[in-house]
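Thanks for asking me to look this one over.

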Amino acid sequence: MVELWVPQLRSLPPGHEATVEVSEPGYLLVDTYDTLNQHVVSHHFRFDTGLAEHEANLGRTPHRYIWPSELDLMGQLAGFELESRWADWDRSPFTAGSRSHVSVYRLG
């Protein structure tokens, strides 16, 4: 079993390299994309009450994203076959609009 998120590249306006993924009081998540190399950096801004008025804590997490079809090929090369894929752990159907997937593989 593998759980991964699906990059939301359709939400990138033409000519832009970033999306706001979460915006809530005290927290902002911005993802910046390098679509050529399939890299994304998640920028986590936290505005805690203990900071000065215009200060924030910033954390960054880099990722290399892969598409479900790439994961299937990697599994196939390692001798696995895709058994099932869902959009989430509740086994909801995986669709083109799904933001994540749970993929189940078995040895072929």
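**Notes on the fold and its salt bridges**

1. Let me start with one side chain: Glu21 is partly exposed, at a relative accessible area of 23%. Please keep in mind throughout that this is a predicted model. To count as buried, a residue has to be under 20% relative accessible area, so Glu21 with its 23% falls into the partly exposed class.

2. What does Glu21 meet? Its side chain forms a salt bridge with that of Arg99, at 2.7 Å from N to O. The two partners come from distant parts of the chain: Glu21 belongs to strand E2 (residues 18-24), Arg99 sits in the loop between E6 and E7, and 78 residues separate them. Arg99 is partly exposed as well, with a relative accessible area of 49%. The cut-off for exposed is over 50%, so Arg99 at 49% stays in the partly exposed class.

3. How many salt bridges are there by this rule? The count is five. One of them joins the side chains of Arg106 and Glu81, with 3.6 Å from N to O. Arg106 is in strand E7 and Glu81 in strand E6, so this pair ties together parts that lie 25 residues apart in sequence. Both ends are partly exposed: Arg106 has 41% relative accessibility, and Glu81 has 38%.

4. Another salt bridge to look at is the one between the side chains of Arg64 and Glu70, at 4.0 Å from N to O. Arg64 is partly exposed, with a relative accessible area of 45%. Glu70 also counts as partly exposed, at 22%.

5. Strand E7 (residues 100-107) deserves a look of its own. Is it mostly covered or mostly open? Six of its eight residues are buried, so by the cut-off of under 20% relative accessible area the strand is mostly covered. Strand E6 (residues 80-86) runs antiparallel to E7 and is joined to it by six bridges, with Phe80 standing opposite Leu107. Strand E1 (residues 2-5) is also antiparallel to E7, through four bridges, and here Leu4 stands opposite His101.

6. Next, the open sheet: four strands in the order E2-E3-E4-E5, with antiparallel pairing. E2 and strand E5 (57-64) are its edge strands, each pairing on one side only. On average, neighbouring strands of this sheet are turned by 15° against each other, direction ignored. Within the sheet, strand E3 (residues 27-34) and strand E4 (residues 39-46) pair over eight bridges, and Asp34 stands opposite His39.

7. Finally, the whole chain. The C-alpha trace spans about 60 × 30 × 25 Å along its principal axes. Of the 108 residues, 29% count as buried. The chain exposes about 7,400 Å², with carbon and sulfur atoms supplying 55% of that area. Among contacts with a separation of 6 or more, 40% are between residues 24 or more positions apart.

Conventions. Residues are numbered from 1 along each chain as its sequence is written. This is a predicted model: local features need pLDDT of at least 70, side-chain atom pairs count only at pLDDT 80 or more; totals for chains, interfaces and linings use all residues. Side-chain values use heavy atoms; hydrogens and water are left out. Buried means under 20% relative accessible area, exposed over 50%, partly exposed in between (1.4 Å probe, protein chains only). Helices (H or I, at least four residues) and strands (E, at least two) are DSSP runs, numbered from the N terminus. Two strands pair if DSSP finds at least two bridges between them. Axes are lines fitted to C-alpha atoms, for helices over the stretch in contact, and angles run from 0 to 180 degrees between N-to-C directions. Contact means heavy atoms within 4.5 Å. Accessible areas come from the Shrake-Rupley method with a 1.4 Å probe; for residues, only the protein chains shown count as cover.
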